[in-house]
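Hi everyone, thanks for making time. I'd like to walk you through one model today, so please have a look at the screen.

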Amino acid sequence: MADPNLKDKVEELIRDNQVLLFMKGTPESPACGNSMRAVNVLESYGIEYAALDVLPAMQPLREVTGEIADWTTFPQLYVNGQLVGGADIVEELDESGELAEVLGTERSEPAPPSAKEQFKAENPQQSPPMQIER
Amino acid sequence: MALVDDVKTLIEGALPGSAVEVIDEGGGDHLRVQVTAPQFEGLGLIEQHRLVKNAVRERSDTGELHSLTIKTSVPD
């Protein structure tokens with residue numbers, strides 16, 4: 001069974017952050033190709049989002065998200081408290097236009113490869129990556 | 001059994017009647033699957049992916065299967 005304290009914290013994060021990405025590494029430095037794919041899609045919308053690095057507590061977080069959303073792999077994108085999916089679903093919904101609806105925004109541009117760098121340059125105040133303490 | 005074949009067998013076992021193609025994207029533990037299954041009919045993407053992921057969960061949990069890229073579709 002998942003650690004109840006950690007589960008409470010995770011539920012609070014999902015509730016308090018309209019767009020929340022659980023990922024391996026940070027948006028600036030993703031530690032896995034799938035996490036990078038999810039970050040690239042999100043950044044192409046130019047929206048604010050919270051990112052949680054799961055690496056410091058991966059196994060406990062797997063158990064928690066397994067209980068909350070029946071999903072145990074990362075990345076995981078939550079929007080308005082609901083699991084949207086992992087990297088494959090996020091990309092598929094992006095291509096079909098459904099992700100724009102879910103996010104309630106339009107894609108800023110068909111992202112050029114350098115979009116992430118431009119986004120960072122224009123938004124230097126982007127909130128720092130979060131970490132969770134057990 | 002190579003993981004590629006193992007994953008194919010597990011998904012086909014969990015989703016009888018499905019057509020499963022597994023591609024090794026590198027190292028034998030980063031796989032891509034294309035699954036066409038009648039069970040996906042009427043389901044959202046999350047549920048479709050859950051069915052595939054749950055079929056191979058024992059391999060993911062052990063770390064044997066590091067990454068699985070999933071593409072699902074309903075048969076014509």
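I'll start with the sheet and then turn to a pair of helices.

Please keep in mind that this is a predicted model.

In chain A, four strands make an open sheet, ordered β2-β1-β3-β4, with mixed pairing. The edge positions belong to β2 (50–53) and β4 (82–85) of chain A; each has a single partner strand, so one side of each lacks a neighbour in the sheet. From one strand to the next, the twist averages 25°. If we zoom in on one pair, β3 of chain A, residues 76–79, runs antiparallel to β4(A), and three bridges link them. There, A:L77 has A:G85 in β4(A) as its bridge partner.

Now to the helices. Is α2(A) mostly covered or mostly uncovered? Mostly covered, with nine of its twelve residues buried. Among them are A:R37 and A:E43, along with A:A38, A:V39 and A:L42. Just past the end of α2(A), A:G46 adopts a positive phi of about 60°.

What does α2(A) pass in a left-handed crossing? That would be α4(A), the helix at residues 87–96 of chain A. Their axes come within 9 Å and cross at roughly 30°, and α2(A) and α4(A) therefore count as roughly parallel to each other. On the α2(A) side, A:N34, A:R37 and A:V41 make the contact, meeting A:A87, A:D88, A:V90, A:E91 and A:D94 of α4(A).

Definitions and conventions:
Residues are numbered from 1 along each chain as its sequence is written. Chains are lettered from A and ligands numbered from 1 in the order in which they are written. This is a predicted model: local features need pLDDT of at least 70, side-chain atom pairs count only at pLDDT 80 or more; totals for chains, interfaces and linings use all residues. Side-chain values use heavy atoms; hydrogens and water are left out. Two strands pair if DSSP finds at least two bridges between them. Helices (H or I, at least four residues) and strands (E, at least two) are DSSP runs, numbered from the N terminus. Axes are lines fitted to C-alpha atoms, for helices over the stretch in contact, and angles run from 0 to 180 degrees between N-to-C directions. Buried means under 20% relative accessible area, exposed over 50%, partly exposed in between (1.4 Å probe, protein chains only). Angles under 35 degrees count as roughly parallel, over 145 as roughly antiparallel, 65 to 115 as roughly perpendicular and the rest as oblique. A crossing is left-handed if the near helix is turned anticlockwise from the far one by less than a right angle, and right-handed if clockwise. Contact means heavy atoms within 4.5 Å.
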